[in-house]
Amino acid sequence: MFTRRTTLGALGALALTTTGSVAFAQDAMSVALISKGFQHQFWQAVKAGADQAAQELGVEVTFEGPDNETMVDRQIDMLSAALARNPDAIGFAALDSQAAIPLLRQAQDASIPIIAFDSGVDSDIPVSTAATDNLAAAALAADKMAELIGGEGQVAVVAHDQTSRTGIDRVDGFVNRMAEAHPNIEIVTVQYGGGDQLQSTELTKSILAGNPELDGIFGANEGSAIGVVNGVREMNAQNITVIGFDSGTQQKEAIRSGLMAGAITQNPVGIGYETVRAAVAAAKGETVEPVIDTGFYWYDATNMEEPEIAAVLYD
Amino acid sequence: MSSLDTASSASPAARALRSRAHQKLWAFASLIVLVVGFSLASPNFLQMTNIIAILQATSVNGVLAIAATLVIITGGIDLSVGTLMTFTAVIAGVVLTYAGLPLPFGVVAALATGAFCGFCSGTAIAKLKIPPFIATLGMMLILKGLSLVISGTKPIYFNDTPSFPVIANGSLIGALVPGLPIPNGVLILFVVAAAASYILGRTVLGRYCFALGSNEESVRLSGVNTDRWKIAIYALSGGIVGIAGLLIASRLNSAQPALGQGYELEAIAAVVIGGTSLAGGRGTILGTLIGALIMAVLTNGLRILSVAQEWQTVVTGAIIILAVYADMARKRRA
């Protein structure tokens with residue numbers, strides 16, 4: 001009795017799964033992308049770029065990533081499932097390079113080319129890396145900050161973390177550029193809010209409370225930047241120049257309303273697009289540039305509607 | 001608490017035995033159906049490397065689920081298993097990488113830390129009468145914070161202990177039987193399962209585990225020091241979580257301090273799919289093992305079929321509800 005029920009249930013589940021795979025063509029080249037995340041709008045924009053390249057090049061692309069950027073082991077499981085599918089190439093945005101190396105070797109042994117994207121992998125296995133030059137991008141944020149506050153004063157940084165490559169590079173890029181080019185600007189503090197909006201809001205409020213002379217705050221990723229905007233708004237602080245990073249509806253809205261002076265945007269669509277393009281080229285045995293700089297832009301209320309900028313901003 | 005036990009009239013022993021056999025059969029049948037289904041759907045599913053990938057993905061969640069099973073059978077719950085796992089991994093990192101001690105010290109430290117934290121949760125529950133949900137929720141947050149504090153929020157790598165990755169990634173079986181490179185992590189899972197199964201079925205501790213879950217008050221009234229047994233079960237469960245901590249750290253060759261939250265729910269899901277009652281007094285380790293395998297097969301199979309990730313999550317959720325509903329429907333008929 002119960003076995004029949006079970007069988008029906010399991011078959012029902014399988015019916016669900018197989019409908020999802022019907023569209024999976026047998027002959028087309030397949031590229032598996034394992035990203036750092038999935039739900040975040042930034043990753044959805046990367047996915048959109050990957051899908052665009054897939055369509056143009058006539059290849060099948062799958063896109064997966066763990067629920068959050070702490071789940072190193074889940075990402076490893078995704079990578080090994082992708083390997084089992086035996087794709088023609090793999091795009092990989094490592095949460096922790098070291099943990100992935102055994103699987104990357106396995107891919108190398110199976111002659112599946114790996115393209116690193118978003119951030120590098122500390123290994124010589126990936127044939128190419130498609131990423132933003134975060135040091136240069138954050139340095140541009142520092143220059144804009146200096147320009148906006150008049151070349152002197154106090155600024156603070158709210159960043160996402162001090163472990164990821166992007167966290168390290170954006171803080172270093174900003175701090176080093178200030179020290180080199182803008183000696184009259186003092187960086188009073190660098191705080192880490194895990195990229196969590198609420199946590200970054202609380203951080204910002206305590207920074208504002210502790211530094212009444214503050215002139216500007218740089219939020220180093222989307223969550224941090226929105227947190228900074230919220231903190232400034234909740235404290236009703238005046239004359240604070242806020243510079244953000246990445247885009248998203250809330251950040252764009254903050255720039256339109258003047259709460260945020262402007263932000264640096266990466267080109268997530270370009271990251272996804274270039275990753276797939278490089279993966280297909282590598283799978284065909286063509287030579288691929290070892291580093292693909294996917295670019296970054298400064299945007300503010302004056303230029304965010306321009307087609308070139310609007311194309312890389314996501315909601 | 002279990003209506004099953006009170007309802008049985010004629011021969012409770014035979015009925016319990018049959019029920020337990022059915023439960024295993026049921027879960028096992030679903031597992032087989034899933035495996036056969038995925039194998040038919042994709043030729044890449046039933047490959048040796050993929051089977052090993054599935055088993056490896058099961059190992060950490062499986063060990064956590066076994067730890068959770070012991071506590072759930074007593075009628076309790078342990079929300080701290082995920083972050084305790086991380087905490088024991090961080091402690092192993094402190095001992096091996098920061099202090100530079102040899103491997104055995106790291107292993108013992110992780111297991112002892114796990115058992116000690118379990119002891120603390122158990123004491124808060126048994127002696128301070130704090131409900132298990134609250135006590136282990138507090139413990140979950142304490143350990144999450146401590147992991148970040150101790151590690152300075154950075155991963156601790158085990159590069160100075162070259163033998164450390166062998167714990168989970170080496171293959172003892174592969175060395176004995178060439179062509180069967182089953183990683184040690186999987187072997188450890190099965191050893192832990194066998195040991196926990198023995199403890200539950202053949203020892204006094206196991207008997208009190210079920211007794212506490214069925215009717216704690218009557219156990220107490222019959223003169224048993226229930227507090228002591230309860231604390232012992234939480235400590236044992238914590239020690240098993242320490243094994244999971246070693247496994248995940250070994251697999252990643254690092255202790256990742258921010259990881260862990262959310263893993264308790266997946267462990268509990270495996271326990272429930274395996275037929276263990278959240279009300280306590282009923283459950284098996286074999287069921288839990290199969291439950292963990294079902295979760296891993298499902299996740300892996302959907303990925304192999306390139307099902308969109310949004311739908312993977314939906315299907316997994318549906319399967320959990322379906323599994324528990326079918327189990328309850330069967331119990332009502334029994």
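This is a predicted model: local features need pLDDT of at least 70, side-chain atom pairs count only at pLDDT 80 or more; totals for chains, interfaces and linings use all residues.

Residues are numbered from 1 along each chain as its sequence is written, while chains are lettered from A and ligands numbered from 1 in the order in which they are written.

**Exercise 1.** Find out into which domains chain A is divided, and look at the contact they make.

Solution. Step one: chain A splits into domain 1 (30-132 + 268-295) and domain 2 (134-266), with bounds from an automatic or database domain assignment. Step two: the C-alpha centres of these two domains of chain A are 30 Å apart. Step three: 6 residues from domain 1 and 9 residues from domain 2 of chain A make the contact (residues are in contact if their C-beta atoms, placed from the backbone, lie within 7 Å). Step four: on the domain 1 side, we have 2 nonpolar, 4 polar and no charged residues. Here Ala, Val, Leu, Ile, Met, Phe, Trp, Tyr, Cys and Pro count as nonpolar, Asp, Glu, Lys and Arg as charged, and the others, Gly among them, as polar.

**Exercise 2.** Work out the strand order of the sheet that has β2 and β11 of chain A as its edges.

Solution. Step one: this open sheet of 6 strands in chain A reads β2-β1-β3-β4-β5-β11, with parallel pairing. Strands (E, at least two residues) and helices (H or I, at least four) are DSSP runs, numbered from the N terminus, and two strands pair if DSSP finds at least two bridges between them. Step two: β2 (60-64) and β11 (291-293) of chain A each pair on one side only. Step three: from one strand to the next, the twist averages 20°. Step four: zoom in on β4 (residues 114-118) and β5 (residues 128-131) of chain A, which are joined by 4 bridges; there A:Asp118 has A:Ala131 as its bridge partner. Step five: helix α3 (residues 72-84) of chain A packs on this sheet, touching β1 (30-34), β2 and β3 (89-92), and its direction makes about 175° with that of β1(A). Angles run from 0 to 180 degrees between N-to-C directions, and axes are lines fitted to C-alpha atoms, for helices over the stretch in contact.

**Exercise 3.** Now trace the sheet of chain A with mixed pairing.

Solution. Step one: the order of its 6 strands is β7-β6-β8-β9-β10-β12 (chain A), and the sheet is open. Step two: the edges are β7 (185-192) and β12 (296-300) of chain A. Step three: β6 (residues 153-159) of chain A runs parallel to β7(A), and 7 bridges join them; A:Ala159 stands opposite A:Tyr192. Step four: helix α8 (residues 222-235) of chain A lies across β6, β8 (216-219), β9 (241-245) and β10 (262-266), at about 160° to β9(A).

**Exercise 4.** Over in chain B, describe how helices α4 and α5 cross.

Solution. Step one: the axes of α4 (residues 81-98) and α5 (residues 103-126) of chain B come within 8 Å and cross at roughly 145°. Step two: the contact includes B:Phe87 and B:Ile91 of α4(B), and B:Ala109 and B:Cys117 of α5(B). Step three: by class, this contact has 12 nonpolar, 4 polar and no charged residues. Step four: residues 105-126 of chain B are 100% helix, with end C-alpha atoms 31 Å apart.

Technical notes
Two residues are in contact if their C-beta atoms, placed from the backbone, lie within 7 Å.
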